[in-house]
Amino acid sequence: MAMPLESPISFANVGRIRWWQRGIFASQTGYVLLALLGLLIAMHFASPYFFTQGNMQNVAKNFSFIAIATLGITFVIITGGIDLSVGSMMCFSAMITSMVMSGLSTPGMPGAFLFVHLAADGKTVVANVPGLILLVSILAGLVTALIVGLVNGFCIAVLGLSPFVTTLGMLSIVRGLGYVVSNGRGSFPGGPDADYFYALTSGDLFGVPAPFIYLVILAAVMAIVLHHTSFGRHVFALGGNEKAAELTGIPVVRVKIEVYMICALAAGLQGIIISGWLGSAPANMATSYELNVIAAAVIGGANLAGGVGGSLGAIVGCVLLEVIRNGLVLAQVSSYWQQTLVGVIIILAVLVDRIRSRIT
Amino acid sequence: METAGAAGQPVLELMGIGKEFGAIRALHGVDLQVFPGEVVGLMGDNGAGKSTLVKIIAGNFRPTQGEVRFDGNAVHFYRPIDARAVGIEVVYQDLALADNLTAAANVFLGRELKRKFGPFAFLDHKAMAARALELFGELRSETRPHDLVKQMSGGQRQAVAIARTRLSNAKLVMMDEPTAAISVRQVEQVLSLIHRLKEQGVAVMLISHRMPDVFAVCDRVVVMRRGEKRADKSIRDTSPEEVTALITGAKEAA
């Protein structure tokens with residue numbers, strides 16, 4: 001039922017928003033990215049080692065170790081929530097993965113006969129189907145993460161508990177479960193598929209660390225999901241005005257549960273990758289990583305009040321944290337300064353954004 | 001002007017609607033009919049039961065007693081989307097806009113246009129922006145689809161909220177205080193939009209405190225007081241003075 005126009009609409013009284021006043025140029029992510037580029041240039045002049053291939057690989061690897069989880073938590077932060085259980089989740093997923101892997105690779109363990117048999121010499125364990133154990137054990141770790149995310153989401157979206165309290169509880173629950181299943185000892189990926197596992201998690205492709213490749217792919221997928229699907233639109237709407245989202249018929253409960261599941265899944269995947277690099281999944285792995293992850297997201301421009309954030313910001317935040325850490329090491333500053341500086345940067349980044357939004 | 005469907009079938013029919021919140025009786029025995037192409041003003045003081053009535057029709061609340069009939073069929077709404085599915089659109093007083101999204105995104109919130117690429121469905125930004133611009137044009141509102149709602153004036157926000165109701169072929173549009181927070185020129189625009197809706201045979205319920213607006217566009221005025229319907233009169237048979245008296249209780253019923 002189109003209604004006829006008397007005359008075409010004119011914009012006499014409404015100015016056009018300039019390109020530099022919108023999108024990334026007007027976001028905290030843009031400013032932090034600029035600061036990061038400045039820092040990279042400064043580092044280049046400060047230390048001849050900074051832009052060497054070895055150091056770059058290190059930096060890329062190190063920030064990839066928190067960046068995938070940061071992508072996940074960014075979804076939650078955009079909806080106005082928070083997930084404090086990511087650190088524990090990393091550990092627990094990694095632990096389940098390596099325990100399943102070792103278990104299935106030990107002849108005599110329940111179910112193991114499906115996956116392995118002993119070679120003629122009676123000692124060497126041979127996989128029935130190479131790679132199958134790896135697949136099953138990683139799936140086990142990720143499914144565990146999904147279940148924890150589902151419980152988080154259920155408590156928050158359906159029972160209406162506060163995200164902070166729910167995930168604080170989950171932080172403790174999941175860490176405790178990790179100690180319970182491993183008896184506090186941690187676990188090691190083992191068996192015939194362990195080599196594949198290490199290749200996939202701490203190997204590299206043409207000199208590019210594998211975690212970095214995963215990160216780039218996941219970040220691209222996330223950007224598309226956030227900006228070009230209705231799910232992404234609903235995530236932003238939820239963070240902007242939850243009541244409006246509900247009134248306009250957005251399935252608020254489902255979207256909330258989904259973001260906590262995505263967050264837990266990302267944390268689980270991150271944990272599995274870290275355990276490949278460490279060579280084990282100790283029970284105290286990734287303790288307090290949730291704070292690094294949240295700090296990186298916030299520095300990169302995700303707003304804890306909800307409604308703002310993105311995959312580029314998540315990565316920029318992680319890179320900035322890692323470059324600073326790396327720079328302090330190269331400059332031979334005591335590494336104890338790192339945490340102090342990170343705190344200063346969190347506050348500075350948010351402060352600059354506040355000043356900017358007052359000016360414009 | 002004659003009320004369009006005086007002889008026809010009412011689009012909305014309320015029969016003996018009552019609503020209790022615990023010990024509080026918010027509504028009692030409300031009967032109401034709204035015909036296609038008719039503009040009905042719903043007036044009453046704060047706490048008179050207007051909002052509760054609107055929320056029952058919009059599917060936010062379920063009535064404790066009584067029956068809602070839409071297009072001749074009894075309907076039961078469990079959620080606002082159920083009401084929207086049969087053709088009831090609401091412009092909420094707080095507009096229900098997400099500040100961090102663009103005007104076009106807000107218009108299409110919850111019913112985004114999508115394009116299929118194999119198994120995936122992606123947002124069709126272009127089509128949504130084009131349709132939103134068209135709707136803003138119809139509302140004579142200088143609103144750019146790509147601007148963030150955060151940066152908009154009260155009138156522009158109102159236009160975004162009203163444009164939302166024009167997406168589907170709504171049969172009944174309810175507006176909760178649409179003219180409360182906007183400029184005089186924009187009030188003019190909103191009232192002319194109501195006229196346009198009426199021309200299209202859409203029934204409009206206007207909930208307003210502003211007597212001049214109600215008398216400018218409505219065919220009929222319904223006055224609520226203390227949870228009951230006190231008057232239901234054609235606008236020609238009443239006057240602002242009488243309506244004021246009915247609202248305040250100086251006159252019990254008419």
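Which residue is the bridge partner of E13(B) in β2(B)? In this predicted model, the partner that E13(B) meets across the bridge is Q33(B).

## The hairpin of chain B

The pair E13(B) and Q33(B) belongs to two strands of chain B, β1 (residues 12-21) and β2 (residues 24-34), which pair in the antiparallel sense over seven bridges. Strands of a sheet pair through backbone hydrogen bonds, and the pairing may be either parallel or antiparallel. Two residues lie between the strands of this hairpin, and G22(B) takes a positive phi there, near 60°.

## Chain B as a whole

Chain B contains eight helices and 12 strands, and its C-alpha trace spans about 60 × 40 × 40 Å along the principal axes. A compact globule of 254 residues would have a radius of gyration near 18 Å, and because chain B has 19 Å, its value agrees with that expectation.

Of the 254 residues of chain B, 50% count as buried. When contacts between residues at least 6 apart in sequence are considered, 66% of them join residues at least 24 apart.

## The open sheet and its helices

Six strands of chain B form an open sheet in the order β6-β9-β10-β3-β11-β12, and the pairing within this sheet is mixed. The strands β6 (88-91) and β12 (228-234) of chain B stand at the edges, and each has a single partner strand, so one side of each is left without a neighbour in the sheet. From one strand to the next, the twist averages 20°.

Helix α6 (residues 184-199) of chain B lies across β3 (39-44), β9 and β10 (203-207) of chain B, and its direction makes an angle of about 150° with β10(B). Helix α8 (residues 240-248) of chain B lies across β3, β11 (220-225) and β12 of chain B, and it runs at about 25° to β11(B).

## A buried methionine in chain B

M128(B) has its place in helix α4 (residues 125-138) of chain B. Is M128(B) buried or exposed? It is buried, because 20 other C-beta atoms lie within 10 Å, and a residue counts as buried when 20 or more do so.

If neighbours within four places in sequence are left aside, M128(B) is in contact with A104(B), F108(B), E112(B) and L113(B). By contrast, V39(B) is 89 residues from M128(B) along the chain, and their C-alpha atoms are separated by 29 Å.

Most residues other than glycine have a negative phi. Because D71(B) has 15 C-beta neighbours inside 10 Å, it counts as partly exposed.

R226(B) is not a glycine either, and its phi is positive, at about 50°. This residue is found in the loop between β11 and β12 of chain B, and R226(B) is partly exposed, with 15 other C-beta atoms within 10 Å.

## Helix packing in chain A

In chain A, helix α3 (residues 86-104) and α4(A) pack at an angle of about 150°, and their axes are 8 Å apart. The crossing of α3(A) past α4(A) is right-handed. Residues that make this contact include M89(A) and F92(A) of α3(A) and I133(A) and V136(A) of α4(A), and by class the contact has 14 nonpolar, five polar and no charged residues.

Helix α4 (residues 132-158) of chain A also packs with helix α10 (residues 252-278) of chain A, at an angle of about 145° and with axes 7 Å apart. Here α4(A) passes α10(A) in a right-handed crossing, and the contact has 20 nonpolar, six polar and one charged residues.

## Where the two chains meet

Between the chains, 26 residues of chain A are in contact with 27 residues of chain B. On the side of chain A that touches chain B, α8 (230-240) and α9 (242-247) of chain A each supply at least two residues, and α8(A) gives the most, with six residues. By class, this side of chain A has 14 nonpolar, 10 polar and two charged residues.

Key:
Residues are numbered from 1 along each chain as its sequence is written. Chains are lettered from A and ligands numbered from 1 in the order in which they are written. This is a predicted model: local features need pLDDT of at least 70, side-chain atom pairs count only at pLDDT 80 or more; totals for chains, interfaces and linings use all residues. Helices (H or I, at least four residues) and strands (E, at least two) are DSSP runs, numbered from the N terminus. The radius of gyration is taken over C-alpha atoms; the globule rule is 2.2 Å times the number of residues to the power 0.38. A residue is buried if 20 or more other C-beta atoms lie within 10 Å of its own, exposed if 12 or fewer, and partly exposed in between; C-beta atoms are placed from the backbone. Two residues are in contact if their C-beta atoms, placed from the backbone, lie within 7 Å. Two strands pair if DSSP finds at least two bridges between them. Axes are lines fitted to C-alpha atoms, for helices over the stretch in contact, and angles run from 0 to 180 degrees between N-to-C directions. A crossing is left-handed if the near helix is turned anticlockwise from the far one by less than a right angle, and right-handed if clockwise. Ala, Val, Leu, Ile, Met, Phe, Trp, Tyr, Cys and Pro count as nonpolar, Asp, Glu, Lys and Arg as charged, and the others, Gly among them, as polar.
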